[in-house]
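Dear colleague,

I am handing over the structure below, and I would be glad if you kept it open while you read the notes that follow it.

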Amino acid sequence: MWQELDLGRELQRRRSGGAKARRLVSRDRLREAGARSRMTQDQEMTMGAQVTVGVIGGTGMLGRSLVTGLLASGEVAAEALWVSNRSGRAEGLPDGVQATAEAQVLVAACDVVILSVPPAQFGALEIDASGKLVISVMAGVSAARIAEHTGAERVVRAMSSPAAARRLAFSPWCGALSAEDRAQVDRLLGACGSTAEVPDEAQIEIFTAMTGPVPGFVAQLAASMADYAERRGVAPEVADMAVRQLFLASGEMLAGDPQTASTHVRGMIDYAGTTAAGLLAMQEAGFQDAVDAGLDAAVARTREIAG
């Protein structure tokens, strides 16, 4: 009798356990289904958030560099990218990129319009960009002038460089935007290297002069060092090889080290070795004054160039 009671309890326990297990499995399946549903919703939202970007002047030096960087980053798919130019052809850009000779056709098709035309030609550009997010990388053309000429209410002034093609550009920007638009600008310009929002257009003009040209002023220092070596008997090809490697190594170290450039200089001077002697001689010869004069001239030209 006791054995029969024990057997009954065991069967009941197993049935109860089985039902509980089935409930747990059912709950797990519901959770998985919910997760799959949320994943699908997230994917749809991501796809829905995919903006269409157009670059007016998209096959010029800077425009093509931005297009190349955006595509290489994956931030913009080829099918979601337009360029406009005089020929109306994509000219060596990947399959899927849309091209037109009519800038207004591009504007109508795109959520974000990047202006990358020579500043002197901006006045001849006839577009209605009302309702669009407009990002200008034109030197010297003010946001107010862009808004007045294009009808755009959401205007960003920015500057990038040909290094965008290698996703190495520094692209500062400024503009009175919503949080959503600011995030969009950060994503697009950040896809081509690094980016920073700056307070005003005066700083954009400083960076147009300083970081817009690549290799720019850095090439001048490299050329001066190579020339120094050649005039002292070093073979030109060896001098060229030496400065290329020097600037490659220096760039890597400055980019990856938390210390600022001025901290590196101060440390080398404090070490009081051969480099300290050279750095102090350069400083006494007015090196900073020469750099200031060069950048001041470039900033002044930036402010004149748009006419």
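Glu205 is buried, with a relative accessible area of 11%, where buried means under 20%, exposed means over 50% and partly exposed lies in between, all with a 1.4 Å probe and protein chains only. Please bear in mind that this is a predicted model, in which local features need pLDDT of at least 70 and side-chain atom pairs count only at pLDDT 80 or more, while totals for chains, interfaces and linings use all residues. Residues are numbered from 1 along each chain as its sequence is written, and side-chain values use heavy atoms, with hydrogens and water left out.

The side chain of Glu205 meets that of Arg303 in a salt bridge of 2.6 Å, N to O, the term standing for a side-chain nitrogen of Lys or Arg within 4 Å of a carboxyl oxygen of Asp or Glu. This pair links distant parts of the chain, since Arg303 sits in helix H11 (residues 287-304) and Glu205 in helix H6, 98 residues apart; helices (H or I, at least four residues) and strands (E, at least two) are DSSP runs numbered from the N terminus. Arg303 is partly exposed, at 47% relative accessible area.

A second salt bridge joins Glu201 to Arg157, with the closest N and O atoms 2.9 Å apart. Glu201 belongs to helix H6 (residues 201-210) and Arg157 to strand S6 (residues 154-158), so the pair ties together parts that are 44 residues apart in sequence. Arg157 is buried at 1%, whereas Glu201 is partly exposed at 24%. Through salt bridges that share partners, Arg157, Glu201, Glu205 and Arg303 form one network.

By the rule given above, the count comes to ten salt bridges, and one of them is between Glu75 and Arg187, at 3.9 Å from N to O. Because Glu75 lies in the loop between helix H2 (61-73) and strand S2 (81-84) and Arg187 in helix H5 (residues 179-190), this pair ties together parts 112 residues apart in sequence.

Finally, Leu221, Met225, Leu246, Met282, Phe287 and Val291 make a nonpolar surface patch of about 460 Å². Patches are made of residues with over 30% relative accessible area and no salt bridge, like charges being joined within 9 Å and nonpolar side chains (Val, Leu, Ile, Met, Phe, Trp, Tyr) within 5 Å, and accessible areas come from the Shrake-Rupley method with a 1.4 Å probe, only the protein chains shown counting as cover for residues. Helix H7 (216-230) and H11 are the elements that give two or more residues to this patch. Phe287 lies in helix H11 and is partly exposed, at 38%.
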